[in-house]
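Dear colleague,

With this message I hand over a structure for your records. Please look through the sequence and the coordinates first; the findings follow below.

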There are 2 protein chains.
Amino acid sequence: MLIGEYEHSLDAKGRLIMPAKLRECLGEKFIITKGLDGCLFGFSQNEWTNFEEKLKTLPLTNKNARDFVRFFLSGATECEIDKQGRFLIASNLRDYAEMEKEVAIIGVGTRIEIWNKEKWKKYNSDENISADEIAENMTMLGI
Amino acid sequence: MLIGEYEHSLDAKGRLIMPAKLRECLGEKFIITKGLDGCLFGFSQNEWTNFEEKLKTLPLTNKNARDFVRFFLSGATECEIDKQGRFLIASNLRDYAEMEKEVAIIGVGTRIEIWNKEKWKKYNSDENISADEIAENMTMLGI
DNA sequence: ATGTTCATATTCACCGATAAGCACTTAGTT
DNA sequence: AACTAAGTGCTTATCGGTGAATATGAACAT
């Protein structure tokens, strides 16, 4: 289970340390893709192949399906963690998530998310997220 | 699995570097053809025969199906990657996809797509791609 | 408190992938 | 034969990715 929040920084070449605790669970190789709300998603290989299988079944003839597949697959990169615990974030993904230097990495159960640290802070600030409100909405989902 | 987004440029003769990571998976010889949404499709030899098989099953009696088959087969060219990792894009295909110089190559699972870079950027802009839709599709696929 | 170990940060050097320019070949045109 | 245009191959320079070495700092044990 991927949990926790970590703050680290990119090195000059755009590499990032994967927090040791997440590393255990993600594995040496994993996949990052463009995510929602301006962050990046990171999936373990298992989660990802699952996802890929589903994407393969979508029809080429449906524009909506093409959009969806393009979004995730063109935005995906396989990452390998090096001996020093780092991995490279491809430059187009860095651009997409507007990452400069300071980065937040968070575990969200089945995936990790990588955020520009400032964006993550803003996202967590009151206007955006109130735990109470979230809780309200969850009852609707039957929890 | 073909994934990722790469930006490169055509040389004076209309050749393009095939990104090393895609090369591994596509093979030395592959097929490009006219694609949907104004890009070119590129298939590994395996995927191409796959695709051909599907086209063959379409009913000749249906005008729409005939058009569809003609569109893909008439545009197809076999490409070979040279020692320097480049391949030539036939001029009729370059014209079709309105390629001048700057090009985006993306992996979409079973095929690659080659886009005029500007067109690709426009395609990816907010008006076109909606996060809500993506999120909706994600839940539908159970992610 | 001190030393040890592990995780993270920073810097540097090297190598391979890519960009760009040029030369040569072949085929078609005049 | 001379010219042009498209295609092919080679050479060089640059840049990004990769690995190694070292430094810093926190956690832990003695």
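Predicted model: local features only at pLDDT ≥ 70, side-chain atom pairs only at ≥ 80, totals over all residues.

**Findings**

Lys117(A) has a relative accessible area of 18% and is therefore buried; buried means under 20% relative accessible area, exposed over 50%, and partly exposed in between (1.4 Å probe, protein chains only).

Residues are numbered from 1 along each chain as its sequence is written, chains are lettered from A and ligands numbered from 1 in the order in which they are written, and side-chain values use heavy atoms, with hydrogens and water left out.

**Salt bridges within the chains**

A search of the whole structure gives 23 salt bridges over all chains. The term stands for a side-chain nitrogen of Lys or Arg within 4 Å of a carboxyl oxygen of Asp or Glu.

Lys117(A) is part of one of these: it pairs with Glu7(A), with 3.4 Å between the closest N and O atoms. This pair links distant parts of the chain, since Glu7(A) belongs to strand β1 (residues 2-9) of chain A and Lys117(A) to helix α5 (residues 117-124) of chain A, 110 residues apart. Helices (H or I, at least four residues) and strands (E, at least two) are DSSP runs, numbered from the N terminus. Glu7(A) counts as partly exposed, at 37% relative accessibility, whereas Lys117(A) is buried.

Two further salt bridges lie within single helices. In chain A, Glu53(A) pairs with Lys56(A), the closest N and O atoms being 3.8 Å apart. These residues are separated by about one helical turn, because they are 3 residues apart in helix α2 (residues 45-56) of chain A. Glu53(A) is partly exposed at 47%, and Lys56(A) is partly exposed at 46%.

In chain B, the side chains of Arg70(B) and Asp67(B) form a salt bridge of 3.6 Å, N to O. They are 3 residues apart in helix α3 (residues 63-74) of chain B, so about one helical turn separates them. Asp67(B) has a relative accessible area of 32% and is partly exposed.

**Where the two chains meet**

The size of an interface is often given as the accessible area lost when the parts come together. Here, about 2,400 Å² is buried between chain B and chain A, with carbon and sulfur atoms giving 67% of it; the area is what two parts lose on being put together, summed over both (accessible area, 1.4 Å probe). In chain B, Met1(B), Ile3(B) and Leu141(B) lose the most area to chain A, together 22% of what that side buries.

In terms of contact (heavy atoms within 4.5 Å), 31 residues of chain B meet 27 residues of chain A. Between the chains there are 9 residue pairs in polar contact, both residues being at pLDDT 80 or more. A polar contact is a pair of N or O atoms within 3.5 Å; within protein, one must be able to donate a hydrogen and the other to accept it, and residues adjacent in sequence count only if both atoms are side-chain atoms.

The elements of chain B that give two or more residues to the side that touches chain A are β1 (2-9), β7 (102-109), β8 (112-116), α5 (117-124) and α6 (131-141). The largest share, 7 residues, comes from α6(B). This side of chain B divides into 19 nonpolar, 7 polar and 5 charged residues; Ala, Val, Leu, Ile, Met, Phe, Trp, Tyr, Cys and Pro count as nonpolar, Asp, Glu, Lys and Arg as charged, and the others, Gly among them, as polar.

The count of salt bridges between chain B and chain A is 4. One of the salt bridges in the structure joins Arg70(A) to Asp37(B) at 2.9 Å, N to O. Both residues belong to a network of salt bridges that links Arg66(A), Arg70(A), Asp37(B), Arg111(B) and Glu113(B).

**A residue inside chain B**

Thr33(B) is located in strand β3 (residues 29-34) of chain B and is buried, with a relative accessible area of 0%. A polar atom of its side chain lies 2.6 Å from the backbone oxygen of Phe72(B). Not counting residues up to four places away in sequence, Thr33(B) touches residues including Leu40(B), Trp48(B), Phe71(B) and Leu93(B).

With kind regards
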